[in-house]
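Visitor: Please show me the protein, and then take me through it in questions and answers.

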Amino acid sequence: LCIKVVRNEKNGGPGVSRNQGIRFATGDYITFVDSDDYFSDDFTDVLVPILKQGVDCVVFDYICVNEDRTYRSHGKTMEVPSVEGFIDKKMAFVFVHGSTCGKVYRRKMIVDNQVFFGEFFRGEDMPFTKHALAVSETIYYTCAQLYIYVQISTSLMHNRRLLDEKNCQRAFSLLK
């Protein structure tokens, strides 16, 4: 197990940190986890056999828990019911949620296609996710609940001051 700790000089938002992670990553696959979230105990047991098939992206479901870690609900990463297995790129592009959680990507595919995050505090994840899905040749969906999403009332996600359409516009402008 090789772990690298990379520190930013100042807080530039999740996009800055995630881009640093992409730049410093050396493994075959990458995924993203927010600081207050975590993966299920069977994360690698479920994903390794799928990744060994050489897929570009794996999409998986999640569980929402309260701040005290009590169960809240089951979250679906795809809007439509889907059976486990390979899914069509167009279907994934339309129906897979834009958040970064619930996905693992082939690092080379991300780097070669210059898929990076907008470097601001909110709205950077959806353009990244949609771009990554658009350039993925093989996408696999599993309904396994591998990501644990902790609902914290003070997180950036709940900060209404950061709801700014300009963040989304800037994020999509990076795709040119």
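**Cores and rings**

Visitor: Which residues have the most contacts inside the largest nonpolar core?
Guide: A nonpolar core is a set of buried Ala, Val, Leu, Ile, Met, Phe, Trp, Tyr and Cys residues joined through side-chain atoms within 4.5 Å. Buried means under 20% relative accessible area, exposed over 50%, and partly exposed in between (1.4 Å probe, protein chains only). The largest such core has 20 residues, and those with the most contacts inside it are Ile22, Phe32, Val59, Tyr105, Ile110, Phe128 and Ile139.

Visitor: Which element gives the largest share of this core?
Guide: Helices (H or I, at least four residues) and strands (E, at least two) are DSSP runs, numbered from the N terminus. At least two residues of this core come from each of β3 (57-65), α4, α5 and β7. The largest share, four residues, is that of α5.

Visitor: What kind of model is this, and how are its residues numbered?
Guide: The model is predicted: local features need pLDDT of at least 70, side-chain atom pairs count only at pLDDT 80 or more, and totals for chains, interfaces and linings use all residues. Side-chain values use heavy atoms, with hydrogens and water left out, and residues are numbered along each chain as its sequence is written, from 1.

Visitor: Which residues does Ile110 touch, leaving out those up to four places away in sequence?
Guide: Contact means heavy atoms within 4.5 Å. Ile110 is among the residues with the most contacts inside the largest core. Counted this way, Ile110 touches Ile22, Ile30, Tyr105, Val115, Phe128 and Ala132.

Visitor: How are the rings of Tyr105 and Phe128 paired?
Guide: Rings of Phe, Tyr and Trp (its six-membered ring) pair if their centres lie within 6.5 Å; planes under 30 degrees apart count as stacked, over 60 as edge-to-face and the rest as tilted. Both Tyr105 and Phe128 are buried. Their ring centres are 5.7 Å apart and their planes at 85°, so the pair is edge-to-face.

Visitor: Which parts does the pair of Tyr105 and Phe128 tie together?
Guide: The two parts are 23 residues apart in sequence. Tyr105 lies in strand β6 (residues 103-106) and Phe128 in helix α5, so the pair ties together β6 and α5.

Visitor: Which residues form a cluster through ring pairs?
Guide: The structure holds nine aromatic pairs. Some of these rings are linked into a cluster, whose members are Phe32, Tyr105, Phe117 and Phe128.

Visitor: Over which ring does the charged end of Arg18 sit?
Guide: A charge sits over a ring if NZ of Lys or CZ of Arg is within 6 Å of the ring centre and within 35 degrees of the ring normal. Arg18 is one of the buried residues of helix α1 (residues 14-24). At 5.5 Å from the ring centre, its charged end sits over Phe117.

Visitor: Is Ser136 buried or exposed?
Guide: Ser136 lies in the loop between α5 (125-135) and β7 (139-150). Leaving out residues up to four places away in sequence, Ser136 touches Asp56, Cys57, Lys89 and Met109. With a relative accessible area of 0%, Ser136 is buried.

Visitor: How many helices and strands are in the protein chain?
Guide: Read along the sequence, the pattern is α-β-β-α-β-β-β-α-β-α-α-β-α. Of the 176 residues of the chain, 43% count as buried. The chain has six helices and seven strands.
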